[in-house]
Amino acid sequence: MAVHCCVAKTKIFSWWPLLLCICAEMAVGQVRYSIPEEMATGSLVGNIIQDLGLDIKRLKSGRARIFTEDGSEYIGLNAEKGTLVVAKRIDREELCKQVSPCSLHFQIILENPMELHRIDVEITDINDNAPFFSKKEYNFQVSESASPGARYSLESAKDPDVAHNTIQTYKLNPTDNFKLNIVSRSDGTKYIEMVLHTSLDREKQEEHKLTLTAFDGGDPQKSGSVKINVVVLDANDNAPVFSQSVYGVTVPENASKGTVILRVSATDNDKGTNEEVMYSFSHHTDGASSLFNMDPHTGEMIVIGVLDYEKVKHYEIDIEATDRGGLADTSKVLIEVTDLNDNAPVISIISLSNPIPEDSPLNTVIAMLNIKDLDSGKNSQIKCFISPYLPFKIKSSTTNFYSLISDDVLDRESVPEYNITITATDEGSPPYSTNKTIHLRISDVNDHAPMFPQHFVSAFITENNSPGMSLLSVKASDKDYGSNARISYFLEDSQLNGMSASAYFSVNAESGEILAVRSFDYEQTKEFHIRVKAQDGGSPPLSSNVTVKILIQDQNDNPPQVLYPVQTGGSVVAEMVPRSADVGYLVTKVVAVDVDSGQNAWLSYKLQKATDRALFEVGLQNGEIRTIRQVTDKDAVKQRLTVIVEDNGQPSRSATVIVNVAVADSFPEVLSEFTDFTHDKEYNDNLTFYLVLALAVVSFLFITCLVVIISVKIYRWRHERLFYKSSGNLPVIPYYPPLYTDGGTGTLKQAFSYEVYGTTDSRMSDIKASRPFSQSTLSVDHSATRTMPRHKTELENMVTEQKPPNNDWRFTQGQRPGPSGPHMPYGTHIRWTPKSGTRATGGPEVAMGTGPWPQPPTEAEQLQALMAAANEVSEATATLGPGTMGLSTRYSPQFTLQHVPDYRQNVYIPGSTATLTSNPQQQQATAQQAAQQALPPPQASAQPEPPKAAQTPASKKKSTKKEKK
């Protein structure tokens, strides 16, 4: 592994040194700390924020945690401060025994993105254990013949501490006969011997009591002691001697019980029973005694337990050879356990992201794995792999650590979940392998819009449906899952016949059912095109559209409508048939239509009633009325045919039309026969009702307006009396208001005359309105005077814009054509009083020749004129061709041509208010009548009479004619 940086630091925990080394490669770092054992729980170990270059936010967002391969929790992580602390009591002797240095290895793992930092914490030893011996006392039997220099092996004291805190020296007391000898072996180990330096004398002292004390090198120094009892025996002056001081042997870890792994031998130069040697383990060999055994007679070492290389790799066993005289020799046996491939790899999932979104990019880390094999060497080398057909791959990040990452595009709609089997195989012989299956789910992303099975659908509905009727249901499907696949339906807003589509249809948001909001009429609209949108519940939502064509089916809900002949309530239509008509003569044709369609619009015509059924027939399909025999003089002039028009719907609908046929050769004959047709009673009743209603409404409005005008007049008369005192005269300027006529009747029932007085220095002007006068008198009874506001600018504009008509075309009111009878139209005279106080008056032509156009002739008058002209033509030709003519029923049978006015005597001039006439007597009569109306009213006599203006030549001529009369 390439190392980018390595820094050594020392951090002080009280007086203990701390060695720090930070190594980093991409997202992998390594830090080493050193702490003493037996630190209190919660004590600070190191600050990883400073040593790894991290920050508190990164620790929290990455969910930092500690991972240990053996699951131990000696060190804890304080994510709030970014420090490592002691999680529980650490006993170096319990953790590592005599192994030095003693270290804890663990990893700090961060996510999003994943990082791995290796932390090594070295546990240093403190002098917390005193030396001790396995027994309280030792007993020795020493022959008195033992020569000085004889050695007696003593059991070494034990101290779990290491380095300078372990046993450093021994002291024997007293030292009269024996002294202590510390021997170092070639492998660096030490053992103690008690050496006889002064010969023993059993007779002087049969037993010696000694004290052996062991001292360590700690501060403060600790010690342990044991009692030694020496019994002096009779002479046996040779001790056994091993053939080797150190024996070495290699044992495979799968050695079975009972296997002899070593044979030792020792010789004793004594004779007899003193040369017999007994083999045994030394007293301080504790752990090995459960795995090995030594034959005391042969010196063979036998396996009696199960060896495990992964637990203990080597053993050191001290053995003794003792003769019957108590003399002994010691040796050491070194047993090396060799490794075999007897452990399969172990797969541990450190971190797993499950589920993962389907839009995850390539090389997204899904899981972090730790794969470990307890074997060693080649047996611990691991190969990790997954199926090559999966869109994932295994990538090694560091020793024993692997990452499972994505290697292809994921699609939940194709494969919603994966079973990923991770296989780890070592390189032993035979190889061992381990499988680990991860059930990975793929979470949905809204990447599919709802889809309709068809882009265009049709539906049919019969017209006159009830509102709320279901037309059809549209369904869309979404390949996504959950809320991304929850579909809502909406009606797109569009215009249908000038209205919003929601005014005609509605869509159920859950089911997609399309409902009719209103009743449809096939005759108005035959089809609709709407768009329904399906939208899912994703974020952002996706949608698609479908076009729905709704066809309205026709019902037979409309009866046939007769277009000809036209049926009116005020006139009679008759078809004329000459008496010379042959068989098959086409009288008329009944034209009818049906707004329905298809079979509902197929019409058939039948003759329901007739004055003479033997004379006429109706075409079943075309509605033609023809004669079926020769017309004779005996046939009645008036023929009344009732034709029924029937459609082909189910049930069928029909309409009835009455055709009046006149069998005659001339129009007068027809007229005399058809004047006795009366109105329909229902029509007359309705007309009377509407006339009475109209009269009541008009009377009410008239009375209301009259009351309002009188009230306003009284109010202004009280509060603005000051303005009546203004003086001054203005020249007379005629104003010609328009005359609005009743185009329906052609007759003006009553007339009004207005007289307006205006001044230049007053804001108010006077208007006098006369009561309407009857048709038999020309006298005017002025009954009301009204004060109206003066608007200067409008009147001035009126003076400048209004121009009197050409004097050459002015005629009196009596000379103009008008309605029958002496009716007086509206006439208005405006007099302006200037400041000089003189009032000018216009000539007679001003008052008489500037009136509006007369009422146009009514329909009845026009018909009378046409009938008179027809009589003249009939008298000249004595023949009248067949045809259709509309006759009015307003006139009585005593109608004659003398009632028709002679309109040919009057000449209208378009664009002018004048009328030319050829009747001089009528001109003079109307001139006198207009002159009387032009005089000021009697009520206005109190006003100062303005002087008459100079007469124009036209006025002089008219006045001369008046004098002559």
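This is a predicted model: local features need pLDDT of at least 70, side-chain atom pairs count only at pLDDT 80 or more; totals for chains, interfaces and linings use all residues.
Select Tyr504 and Phe505 to begin: both are buried.

**Stop 1: rings in the interior**

Next, select Phe452 and Tyr489. How buried are they? Phe452 has a relative accessible area of 10%, which is under the 20% limit, so Phe452 counts as buried. Tyr489 is buried as well, at 3% relative accessibility. Now return to the rings of Tyr504 and Phe505: the centres are 6.5 Å apart and the planes stand at 40 degrees, so this pair is tilted.

How many aromatic pairs are there in the count? The total comes to 14 aromatic pairs. Phe452 and Tyr489 make up one of them, a tilted pair with 6.5 Å from centre to centre and 55 degrees between the planes. Phe452 belongs to the loop between β33 (433-443) and β34 (456-462), while Tyr489 is in strand β36 (residues 487-491), so the pair ties together parts that lie 37 residues apart in sequence.

**Stop 2: lysines over rings**

Select Tyr74 and Lys88. Lys88 lies over the face of Tyr74, 4.6 Å from the ring centre.

Then select Tyr522 and Lys526. Here the charged end of Lys526 sits over the ring of Tyr522, at 4.9 Å from the centre of that ring.

**Stop 3: cysteines**

Where is the disulfide? Select Cys96 and Cys102, which form a disulfide with their sulfur atoms 1.7 Å apart. A search of the whole structure finds one disulfide. Turn the view to look along the S-S bond of Cys96 and Cys102: the torsion about it is about 60 degrees, so the disulfide is right-handed. Both Cys96 and Cys102 are buried.

Is Cys384 buried or exposed? Cys384 is buried, because its relative accessible area of 17% is under 20%. Cys705 has 45% relative accessibility and counts as partly exposed.

**Stop 4**

Select residues 44-47, 75-78 and 83-86, which are β4, β6 and β7. In what order do the strands run across the sheet? The order is β4-β7-β6, in an open sheet with antiparallel pairing. β4 and β6 stand at the edges with a single partner strand each, so one side of each has no neighbour in the sheet. From one strand to the next, the twist averages 25 degrees.

Keep β4 and β7 in view. These two strands pair in the antiparallel sense over three bridges.

**Last stop: the whole protein**

What does the secondary structure come to? It comprises ten helices and 58 strands.

Colour by accessibility next. Of the 965 residues of the protein, 39% count as buried; Tyr504 and Phe505, where the tour began, are both buried.

Finally, consider contacts along the chain. Among contacts between residues at least 6 apart in sequence, 68% join residues at least 24 apart.

How values were computed. Residues are numbered from 1 along each chain as its sequence is written. Side-chain values use heavy atoms; hydrogens and water are left out. Two strands pair if DSSP finds at least two bridges between them. Helices (H or I, at least four residues) and strands (E, at least two) are DSSP runs, numbered from the N terminus. Axes are lines fitted to C-alpha atoms, for helices over the stretch in contact, and angles run from 0 to 180 degrees between N-to-C directions. Rings of Phe, Tyr and Trp (its six-membered ring) pair if their centres lie within 6.5 Å; planes under 30 degrees apart count as stacked, over 60 as edge-to-face and the rest as tilted. Buried means under 20% relative accessible area, exposed over 50%, partly exposed in between (1.4 Å probe, protein chains only). A charge sits over a ring if NZ of Lys or CZ of Arg is within 6 Å of the ring centre and within 35 degrees of the ring normal. A disulfide is a pair of cysteine sulfur atoms within 2.5 Å. Contact means heavy atoms within 4.5 Å.
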